[in-house]
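What follows is a walk through one model, from its overall fold to its charged side chains. Please keep the sequence and the coordinates at hand.

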Amino acid sequence: MPQYRSSALGRLGRTEEAEAEARRAYKTEQGRRWYKQNPHGADAVAAATKAADAARESTAEYLLATRLEQLRGRAAARTEAAVPAPWTAGCPSSPPARWAATRPGR
């Protein structure tokens with residue numbers, strides 16, 4: 001299960017939504033006032049990269065949670081849509097109740 005989750009998060013981290021969020025976080029971090037003088041300096045780039053990675057990861061986790069919730073909803077809908085068999089009529093392959101009552105040894 002952890003491998004499946006990790007693999008799913010890796011794929012979702014490469015989606016357009018996650019990449020767009022990472023770009024926004026990168027630009028936001030570079031635009032902070034303490035990096036205004038040198039937005040392309042090593043400290044600014046390191047902080048921006050860290051922010052982008054965190055944004056990408058959190059977006060992937062959100063997308064995974066959303067997808068799992070959708071799948072749970074579909075499964076619940078299928079379960080609710082299934083009509084239970086009317087057991088009052090008995091099993092169609094079983095002998096009639098009157099026949100079973102007349103058998104010797106019963």
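A residue counts as buried under 20% relative accessible area, as exposed over 50%, and as partly exposed in between. The model discussed with these terms is a predicted one.

The protein chain contains four helices and zero strands. Read from the N terminus, the order of its elements is α-α-α-α. Of the 106 residues of the protein chain, 19% are buried. The accessible surface of the protein chain comes to about 8700 Å², and carbon and sulfur atoms supply 57% of that area. As for contacts between residues at least 6 apart in sequence, 54% of them join residues at least 24 apart.

The charged side chains come next. Side chains of opposite charge can pair when their charged atoms come close. The structure holds six salt bridges, and some of them can be followed residue by residue.

One of the six pairs R23 with E16. The closest N and O atoms of R23 and E16 are 3.0 Å apart. E16 has a relative accessible area of 54%; exposed means over 50%, so E16 counts as exposed.

Another salt bridge is formed by the side chains of R56 and E19, with 3.1 Å from N to O. This pair links distant parts of the chain, since R56 lies in helix α3 (residues 42–81) and E19 in helix α2 (residues 16–30), 37 residues apart. R56 is partly exposed at a relative accessible area of 23%. E19 is also partly exposed, with 24% relative accessibility.

Within helix α2 there is a pair of another kind of spacing: E21 and R24 both lie in this helix, three residues apart, about one turn of the helix. Salt bridges that share partners also join E19, D53 and R56 into one network. Returning to E21 and R24, their salt bridge has its closest N and O atoms 2.7 Å apart. How exposed are the two partners, E21 and R24? E21 is partly exposed, with a relative accessible area of 30%, and R24 is partly exposed as well, at 47% relative accessibility.

Key:
Residues numbered from 1 in each chain as written. Predicted model: local features only at pLDDT ≥ 70, side-chain atom pairs only at ≥ 80, totals over all residues. Heavy atoms only, no water. Helix = DSSP H or I, 4+ residues; strand = E, 2+ residues; numbered from the N terminus. Buried < 20%, exposed > 50% of the residue type's maximum accessible area, 1.4 Å probe, protein only. Contact = heavy atoms within 4.5 Å. Areas by Shrake-Rupley, 256 points an atom, 1.4 Å probe, with all protein chains shown as cover. Salt bridge = Lys/Arg side-chain N within 4 Å of Asp/Glu carboxyl O.
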